[in-house]
Amino acid sequence: MGRLRDTAAFALAFVVLAGAVVLGGVVSGCGSGGSAAPNGGATASATLSPQTSAAATADARATLRGLFAAWRAKDVAAVKSFVSADRQAVDWASEFKGLERVKFGKITESPELVDQYVSSGKGYATGVAPEDVRSFQADVTFFYVPGYQGPADEGQALAYHWFLERDDEGVWKVTDWGF
């Protein structure tokens, strides 16, 4: 009986230890190396597992969706909560002047632009690591109040690329966008 109990204890210890090794990336992302982010996501550790990377992309996408909702509502405070500090300095009330409504298209990942952003775009200036950048494509269409001439033609779908950076606290902010 004692030998069976010892074998069972060893097997249980092995399963627990193996689980800790397999889940190491997840544990390190949520343990001492990570924390809950204000947007409800978790911060990531320096080494990202594929699951953590997918979760980070989902968090970045949620941030972009939040920006789109705030922009559609013309909510200056909400827009500022989703964008980087330099974009917060924009006079958003003026940006919304003459805007009747705005429509955003489907959000699709465009990871092929991350290296360019980091090596020669705004990411080069901020010094962000590629794993802390996400790029998406989503069309934007502006509609203006009658008599107002906006920077883009009325109703023209513009193929915008959107770039987000994750800060040291694990919070995603939209840092740049355009054609």
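Phe 104 is buried, because its relative accessibility is 12%, and buried means under 20% relative accessible area, with exposed over 50% and partly exposed in between (1.4 Å probe, protein chains only). A word on the source: this is a predicted model, where local features need pLDDT of at least 70, side-chain atom pairs count only at pLDDT 80 or more, and totals for chains, interfaces and linings use all residues. Residues are numbered from 1 along each chain as its sequence is written, and side-chain values use heavy atoms, with hydrogens and water left out.

Now, the rings. Rings of Phe, Tyr and Trp (its six-membered ring) pair if their centres lie within 6.5 Å; planes under 30 degrees apart are stacked, over 60 edge-to-face, and the rest tilted. That rule gives 16 aromatic pairs. One of them joins Phe 68 and Phe 104. This pair is stacked, at 3.9 Å centre to centre, with 5 degrees between the planes. Phe 68 belongs to helix α3 and Phe 104 to strand β1, 36 residues apart. A note on those labels: helices (H or I, at least four residues) and strands (E, at least two) are DSSP runs, numbered from the N terminus.

Is Phe 68 buried or exposed? Phe 68 is buried, because its relative accessibility is 3%. Trp 162 counts as buried, because its relative accessibility is 0%.

Step back to the cluster. Ring pairs link a set that includes Phe 68, Trp 71, Phe 104, Phe 142, Trp 162 and Trp 177.

Next, the core. A nonpolar core is a set of buried Ala, Val, Leu, Ile, Met, Phe, Trp, Tyr and Cys residues joined through side-chain atoms within 4.5 Å. The largest one has 29 residues. Which residues have the most contacts inside it? They are Trp 71, Phe 142 and Trp 162. Elements giving two or more residues to this core include α3 (50–73), β1 (99–104), β3 (133–144), β4 and β5. Helix α3 gives the most, with seven residues. Apart from this core lies another, of seven residues, among them Leu 113, Val 114, Val 118 and Phe 163.

Look at Phe 142 up close. Contact means heavy atoms within 4.5 Å. Leaving out residues up to four places away in sequence, Phe 142 touches Trp 71, Leu 99, Arg 101 and Tyr 160, among others.

On to the strands. Two strands pair if DSSP finds at least two bridges between them. Strand β4 (residues 157–166) and β5 run antiparallel, joined by six bridges. Leu 164 stands opposite Val 174 in β5. The two strands form a hairpin with five residues between them. In the turn, Gly 170 has a positive phi of about 85 degrees. Strand β5 (residues 172–178) is mostly covered, with five of its seven residues buried.

Now for charges. A salt bridge is a side-chain nitrogen of Lys or Arg within 4 Å of a carboxyl oxygen of Asp or Glu. How many does the whole structure hold? The search finds four. In one, Arg 87 meets Asp 176 at 2.7 Å, N to O. Arg 87 lies in helix α5 (residues 85–88) and Asp 176 in strand β5, so the bridge ties together parts 89 residues apart in sequence. Arg 87 is buried, because its relative accessible area is 19%. Asp 176 is partly exposed, because its relative accessibility is 23%.

Another salt bridge joins Arg 166 and Asp 132, at 2.8 Å, N to O. Arg 166 is in strand β4, and Asp 132 is in the loop between α8 (122–126) and β3, 34 residues apart.

Last stop, Lys 74. Lys 74 sits in the loop between α3 and α4. Its phi is near 55 degrees, a positive value in a residue other than glycine. That's the tour.
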